[in-house]
Structure formats: structure tokens, C-alpha cells
Amino acid sequence: MANFLLIGICIMAGLLVRRFTAVPADAYKGVNALIINLALPAVAFKYLPHIQWTKSLILPAAMPVIVWLCGWIYIRVYAAKAKLDKQTESGLKLVTGLSNTSFLGFPLIIAWFSDDALGVAVICDQVTFMLLATAGIVVAMNASEKHSLTVGAVLKKMFSFPPFIGCVAALVLPLFINLSPFDALFDMLAATVAPLALFSIGLQLKFDGWRRELNHLAASFLYKLVVAPLVIFCIVYFLGMKGIIPQISIFESAMPSHLTATIVASEYNLNPKLTSLVAGIGIVISFVTTALWYFTIKGLY
């Protein structure tokens, strides 16, 4: 209960600060910078060196790819039926196919499971980012009228992202250096992810104009919050997988849209109004849907 109270307090704090203070509209970017440059790399250093790598970890690594591919097909079919323009279709592909595996996923995993389960979530999150930095950027550039699609631009996005650098370093450096003297520092920085991420979400939540986009919102939410986790659930069920790894994989697939995907959609002018609504409203709805998925997972395992 205390964890859920913390989630509510942090998001409400962000909402109140944005509503009643003179902070700039993009104040959340400063908070995000702290999370991206310090907190998320620290999470990688805290958990990745201690993971026992087994075949079962293929699932959390494959989950974001499966969700992305199915989401791409889903939105392509929906776009053809709804006769969407290329920018709107590509924006929906970004926010519908990529899950909020860290900013919201980490706090909810701590609340519903435990912080020990974050090791599995980190794997989901790193693959999610690599998809955003590669396939996501390709989709965005291909639809943009102002940006040309180049291999160099995609690689630059990927290899300059601090969490990705932190992930690689956390896997490689322990092979040559004893990092245990820094464990307390990693613990302290990693502990800031949940409150800072939730506060940032509060700063960004906006709901104006949702009625005009109701059909697009419903289509995106149906896949992101229901169909995507159902696909992963069916894979887990038919493979007969048990334990915390498949549970976290299903739970992470049930997260709403990746917040960074909305930033990319805005940067490339892919109907940023719609993509922001998908992310903002999806976060609120996901507090109910992820709870339902948690009880479903626990009830069947």
C-alpha cells in the first residue's frame, strides 16, 4: 500500500507543480535528463552484473520485439481502414508498439512485485530502447518531411543514449574491474528512478482535446493495454513457462506508451497532439489495466 501511495503522491506533485507554479512547460525535460543520464544507467549497474544468464531470459529480451512487430501490423491495418495520413500512422506505430518499461514500468513492478524483479525489467527496457533507437527512428524518419533517413543518424541515436551506454558498460566492465565499492552509489542513484519518473509523468499529463481523437485513442489502447499483453501471455502459456521471469515479461508488455516515443513523434512532427494524448491518458487507464493483469498473472501461476 505504501508503494501505491508513493506513486500517487509523486504524480500528483508533478500535476500540482505544473498547475500552480511558474515552471516552464518543458520543465519535465530537466527531470528526464537526470533519469536518463544518471538514474537509468545506475539501474543497469545495480542489476545487470548480478543476473544469472539463462535461456529463460530470452523471453524478456524478445517481448518488446514481439509487441513492436504485432503493433506495427495492427496499426498498419487500422490506418488503412481509417484512411490515416502517413504522419499520424507513424506516430501511432511509435506510441502503440513501444511500452513504458522504465518510467512507469519500474515503479509499478516495485509496487506489485519487488525491487528484486527489476533485473528482469532492465532487460525489457534495454531492448525497448534499442527498438526505439533503430526501428522507431526509421519509422519516424521515413514519415517525416524534414528529416532524411540515414544509417548514420540511426546509429548516432542509439550509441549516444546514456542508458544504452550504461547497459553495455554494466555488462563489460565487471569482467575487468571490481565495481563492488560503488554498489552504495548505484543503489542511491537507482532509488531515484521511481519518484523522479512519476514526478515527470505528472508534469507531462495533459488531456485537452481527447474527444476529437477518441477512435484513434481507443484503437491504440486496445492493442497496448489488452492485446499486446495477451499475446505474450499466450506465448508463456503455450510454452509452459513458470516463475518471475515470464510474470514480469507479461506485466511489462501491459505498460502504456513509451514517453520517449512521444518526444520522437513530436521531434518528427508525427501528429504530436495525438501521440501525447495516447501517452497521457494511457498512463491513467493503465493503473487499472495493469492491476487486472497482475491479478490474472498471479491467479494463473
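This report describes selected residues and helices of a predicted model.

| Residue | Helix | Relative accessible area |
|---|---|---|
| Ser90 | α4 (residues 86–97) | 6% |
| Ile66 | α3 (residues 58–82) | 23% |
| Lys273 | α14 (residues 272–300) | 42% |

Ser90 is buried, because its relative accessible area of 6% is under the 20% cut-off. Leaving out residues up to four places away in sequence, Ser90 touches Val139, Ala143 and Leu270.

Ile66, in contrast, counts as partly exposed, because its relative accessibility of 23% lies between the limits of 20% and 50%. When its neighbours within four places in sequence are set aside, Ile66 is in contact with Tyr223, Val231, Ile232 and Ile235. Ile66 and Ser253 are 187 residues apart along the chain, and their C-alpha atoms are separated by 9.6 Å.

Lys273 is likewise partly exposed, with a relative accessible area of 42%. Together with Arg18, Lys206 and Arg212, Lys273 forms a positive surface patch.

**Buried residues of helix α8**

Which residues of helix α8 (residues 162–172) are buried? They are Pro163, Phe164, Gly166, Cys167, Ala169 and Ala170. An α-helix has 3.6 residues a turn, so residues three or four places apart point the same way. The cover over the buried residues of α8 includes the helices α2 (28–47), α6 (118–143) and α7 (151–159).

Definitions and conventions:
Residues are numbered from 1 along each chain as its sequence is written. This is a predicted model: local features need pLDDT of at least 70, side-chain atom pairs count only at pLDDT 80 or more; totals for chains, interfaces and linings use all residues. Side-chain values use heavy atoms; hydrogens and water are left out. Helices (H or I, at least four residues) and strands (E, at least two) are DSSP runs, numbered from the N terminus. Buried means under 20% relative accessible area, exposed over 50%, partly exposed in between (1.4 Å probe, protein chains only). Contact means heavy atoms within 4.5 Å. Patches are made of residues with over 30% relative accessible area and no salt bridge: like charges are joined within 9 Å, nonpolar side chains (Val, Leu, Ile, Met, Phe, Trp, Tyr) within 5 Å. Accessible areas come from the Shrake-Rupley method with a 1.4 Å probe; for residues, only the protein chains shown count as cover. A salt bridge is a side-chain nitrogen of Lys or Arg within 4 Å of a carboxyl oxygen of Asp or Glu. Lys and Arg count as positive and Asp and Glu as negative; His and the chain ends are not counted. The place of a charge is taken as NZ of Lys, CZ of Arg, CG of Asp or CD of Glu.
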